[in-house]
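Hello,

Here is the structure you were waiting for. My notes follow below it.

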Amino acid sequence: MRLGSIVVFVALCSLTAYYIYEPIPEEIEERWKLMLTNSFFRSLSHLADFSERLGLKDYMGVMYLITLLENIVPVSDEHVKVTIEKFDGVEVVLYQPKHSGNSVNLRRAVIYLHGGGWCLGSSRMSPYDLLARKIVTELDAVVLSVEYRLAPAHHFPVPYEDVYRVVKHFLQKGVLAQFSVDPERIAVSGDSAGGNLAAAVSQQLQKEPGREVHLKAQALIYPVLQALDLNTPSYQQNQHMPILPRTLMVRFWSEYFTSDKALFRAMMANAHNNPESSGLLKFVNWSAFLPETYHRKYNYSAPAVVQGGGGEAGAGDGPSQAFADPRASPLLVPDSALRSLPKAYVLTCEYDVLRDDGLMYVTRLRAAGVEVFHEHYDTGYHGVLMFTVWPTDFLIGRRVTYNYIKWLKENL
Ligand SMILES: *[C@@H]1O[C@H](CO)[C@@H](O)[C@H](O)[C@H]1NC(C)=O
Ligand SMILES: *[C@@H]1O[C@H](CO)[C@@H](O)[C@H](O)[C@H]1NC(C)=O
């Protein structure tokens, strides 16, 4: 009954919050529905905050309710065979086409990494399950949805390493043969924190000597790409936007590394950089990497550099250093590390704090000579790919899904 009462409480809070004015831009479609959806998210966030303050349950523990509410048991259907596997000890949900007309043709494969700020989400959430089935049927491909472990129970680099282990395991010729996958046609993809993991894995794989199988493509959907500057124009413009306000993104970032709130406070003030990380600020200089239209209204000032920045948490090699690790912040590498990356699809949304992370990566990848297809949604906001299932189904969710799958079909 406890879950029941939480749901009722959240519903009541949502109703109340609905009457609080929320500035959602006029051009966003289905605004009333988004407001209602967002008021649920905000109420749950308030409840989570309250619960953590009272010492009942930590913030992310309460927020995980969002994941639980959407979790389903993935089962096979007429067209798709679904199995739960362990790849090098990490759980994956494997989707395979059922009727492959001829066994001669090898299939394409997509390794999919779900979003949720490294703290929430699951490959079992119905929107991810639906997306995986669509990719399988439209591309006659195999989809591997990775159930990596989450923070705060498992801080960086555990979520990243889980993903990396799965990818390395899968990219072995013997394993690919087992699932009739063409070694030349494999992509890694993910949304939000999943986009972060996909970008990081693509970069790190290149460092493996003697690698036989290479990724053909990386598809990054509103990815998180850097933790050094949390005041880019998109962070400023969209700090109170629905679904992912700046506070929540900063919370995800800090929880990825540590449960010590000092890092959260330092990141909120954008004063978490230290003399070691400051040398990497040039890689996220939005004054240089954003198209002018996006930074015109803002004046660049580099983030403060504080001796012992990153909060009091962990001097030396502790969590205060990890945010500058390219496995957490893939934008923080020199051009030479970008040059031989697989071709990329990058999706960005105008009303998203992470917009500029994506835009900067597009600029930097192109400058390094990587083929990039950039899709920008003028009326998009963070999380649209997830909004495909009733009652939170939005027209834009369908468009985004259609275009993303279309790119995969044509480029993988
Ligand atoms: C950022 O780029 C601008 C030029 O676009 C330059 O003046 C400034 O010094 C750069 N700052 C850093 C920290 O790289
Ligand atoms: C940016 O700087 C200019 C010139 O100093 C100033 O007029 C403008 O108000 C500043 N804009 C912002 C958003 O701070």
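Start with a helix pair: α10 passes α11 in a right-handed crossing (the near helix is turned clockwise from the far one by less than a right angle). The contact (heavy atoms within 4.5 Å) involves R246, T247, V250, R251, W253, S254, E255 and F257 of α10, and K261, L263, F264, M267 and M268 of α11. The axes of α10 (residues 246-257) and α11 (residues 261-268) come within 9 Å and cross at roughly 140 degrees. (Axes are lines fitted to C-alpha atoms over the stretch in contact; angles run from 0 to 180 degrees between N-to-C directions.) That makes α10 oblique to α11 (not under 35, over 145, or 65 to 115 degrees).

This is a predicted model: local features need pLDDT of at least 70, side-chain atom pairs 80 or more, while totals for chains, interfaces and linings use all residues. Residues count from 1 along each chain as written, chains are lettered from A and ligands numbered from 1 in written order, and side-chain values use heavy atoms, without hydrogens or water.

Next, α5 (residues 126-139). Helices are DSSP runs (H or I, at least four residues), numbered from the N terminus. Ten of the 14 residues of α5 are buried, so α5 is largely enclosed by the rest of the structure. Buried means under 20% relative accessible area (1.4 Å probe, protein chains only). Among them are Y128, L131, I135 and L139. D140 follows α5, with a positive phi near 50 degrees.

In α6, the buried residues include Y160, V163, V167 and F170.

Regards

Technical notes. Buried means under 20% relative accessible area, exposed over 50%, partly exposed in between (1.4 Å probe, protein chains only). Helices (H or I, at least four residues) and strands (E, at least two) are DSSP runs, numbered from the N terminus.
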